[in-house]
Amino acid sequence: MIRETEILVIGGGPAGLCAAKAAASLGAHVLICERDYVPGGQLVKQTHKFFGSEKQYAGERGIQIGKTLIDEITAEPKIEILTEATVLGIYEDGIVTVLHQNQHLKIRPQKTIVTTGAAEKFLAFPGNDLPGIYGAGAVQTLMNVAGVKPAERVVMVGAGNIGLIVSYQLMQAGVQVAAVVEAAPKIGGYLVHASKIRRAGVPIRTGYTIKEAYGTDCLEGVVICKLDEKWQMIPGTEETIPCDTLCLAVGLTPLAELCWQAGCQMAFIRELSGHVPLLDENLETTVPGLYAAGDVAGIEEASAAMVEGRLAGCSAAASLGYSPREAEAMRQAARQDLEELRSGPTGAKIRAGLEKMYRKKGEVKAC
Ligand SMILES: Cc1cc2nc3c(=O)[nH]c(=O)nc-3n(C[C@H](O)[C@H](O)[C@H](O)COP(=O)(O)OP(=O)(O)OC[C@H]3O[C@@H](n4cnc5c(N)ncnc54)[C@H](O)[C@@H]3O)c2cc1C
């Protein structure tokens, strides 16, 4: 049997939940498929207070923002959420296949919004397959979702916001952070996060990388090495740091496989952190009726993911004929919120990435 729905949202993170809420507020029926046991995406493990705009819950803890969004969605009768529902494929005839609690489902949506988020990047170095080497997101899930202390003594690679925040949360969980190692010459994350861990005595070693990890059955330590201005290791600068866990916080990349498979035009855009679908101003991909929002469309922050979700949700509902005037007002408000979030020096990278994306989209249209 094929299940019909007006709008299918793939992924129940902040982008997906906001997309569903916006579409339902205009009158559309929405089905959300979330592969995890609970919706909320990355928010379920963010115990720290978020920065950004007050309109997007700045000052609240991520976990609290997630609860607020889930409560709003649960109270909305036009939205249904399937958890433990992994979308496997989007096919040419419009059918979407899902593995839901060990059963295969077929869904035929009129519109689909992909909000699958991101995957962690990894690094290549000798010994990187030893037990004890994790992505930072996995360590955060172990600590803040499963309540498991993941290590005794950790080395963190990456001094962006994720590396700094997860280092601080590891210390709160009673783990010793031996060092934060960062290849770039300066710290990439907010200085407020860096200061907190520095004050607690954790050295942040900028201009260093991991040369190798060692251990017999599991990780026993790492060798770090200084980099020159061409990012090459300088022989003789090696230092050994004993640790039982190495945590990699070296960036995220859009989880866009479903967009590839659906036949969307894709482009590699460095500023958006990987391959992304080409989108128009309503976040519709080059496949009509298929939208993308949040980290899958370029790595940014939860605040932007929520607003993009709203934009995609009301665009999808409007294209089904729901409340066109109200939808247009919502779209304009969302575009303005995005412009504000992306203004100033912190938004420069994402603005450059989007410019490239729109340019490439224009080239596709012209073909
Ligand atoms: C450590 C850390 C700290 C952060 N701090 C901040 C901060 O202070 N402020 C801020 O604004 N942002 C912060 N962020 C970033 C923010 O969490 C993300 O930008 C945001 O969660 C992206 O939302 P999303 O909905 O696009 O993706 P996600 O939150 O990743 O949600 C995607 C969802 O899709 C589901 N999914 C994936 N594939 C499938 C599939 N095939 N089928 C069904 N479901 C699927 C996933 O399970 C997930 O629930 C932080 C991130 C991290 C990791």
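Analyst: A salt bridge is a side-chain nitrogen of Lys or Arg within 4 Å of a carboxyl oxygen of Asp or Glu. The model discussed here is a predicted one.

User: Which residue forms a salt bridge with Lys211, and where do the two lie?

Analyst: The partner is Glu238, and the closest N and O atoms of the pair are 3.0 Å apart. Glu238 sits in the loop between strand 13 (221–226) and strand 14 (239–242), while Lys211 is in strand 12 (residues 208–214); the pair links distant parts of the chain, 27 residues apart. Glu238 has a relative accessible area of 32% and is partly exposed. Lys211 is also partly exposed, with 30%.

User: What of the salt bridge in which Arg310 and Asp337 meet? Is Asp337 buried or exposed?

Analyst: The side chains of Arg310 and Asp337 meet at 3.7 Å, N to O. Since Arg310 lies in helix 7 (residues 302–319) and Asp337 in helix 8 (residues 324–341), the pair ties together parts that are 27 residues apart in sequence. Asp337 is buried, its relative accessible area being 10%, whereas Arg310 counts as partly exposed at 25%.

User: Which residues are linked in a network of salt bridges?

Analyst: Such a network links Arg270, Glu271 and Lys356.

User: What does the domain assignment of the protein chain give?

Analyst: The assignment gives domain 1 (2–119 + 252–366) and domain 2 (122–248). Their C-alpha centres lie 31 Å apart.

User: How is the interface of the two domains to be read, and what area do domain 1 and domain 2 bury between them?

Analyst: The size of an interface is often given as the accessible area lost when the parts come together. Here domain 1 and domain 2 bury about 810 Å² between them, with 59% of that area on carbon and sulfur atoms. On the side of domain 1, Lys45, His48 and Phe51 lose the most area to domain 2, together 59% of what that side buries. In terms of contact, 8 residues of domain 1 meet 11 residues of domain 2.

User: How many salt bridges and how many residue pairs in polar contact are found between the domains?

Analyst: Between domain 1 and domain 2 there are 0 salt bridges, but 4 residue pairs are in polar contact across the interface, both residues at pLDDT 80 or more. The residues of domain 1 that touch domain 2 comprise 3 nonpolar, 3 polar and 2 charged.

User: Where is Val202 found, and which residues is Val202 in contact with?

Analyst: Val202 is located in the loop between helix 5 (191–199) and strand 11 (204–206). With a relative accessible area of 5%, Val202 is buried. Neighbours within four places in sequence aside, Val202 is in contact with Met171, Val177, Ala179, Val180 and Ile197. Val202 and Ala178 are 24 residues apart in sequence, and their C-alpha atoms are 6.5 Å apart in space.

Terms used. Residues are numbered from 1 along each chain as its sequence is written. This is a predicted model: local features need pLDDT of at least 70, side-chain atom pairs count only at pLDDT 80 or more; totals for chains, interfaces and linings use all residues. Side-chain values use heavy atoms; hydrogens and water are left out. Helices (H or I, at least four residues) and strands (E, at least two) are DSSP runs, numbered from the N terminus. Buried means under 20% relative accessible area, exposed over 50%, partly exposed in between (1.4 Å probe, protein chains only). Domain bounds come from an automatic or database domain assignment. Contact means heavy atoms within 4.5 Å. Buried area is the accessible area (1.4 Å probe) that two parts lose on being put together, summed over both. A polar contact is a pair of N or O atoms within 3.5 Å; within protein, one must be able to donate a hydrogen and the other to accept it, and residues adjacent in sequence count only if both atoms are side-chain atoms. Ala, Val, Leu, Ile, Met, Phe, Trp, Tyr, Cys and Pro count as nonpolar, Asp, Glu, Lys and Arg as charged, and the others, Gly among them, as polar.
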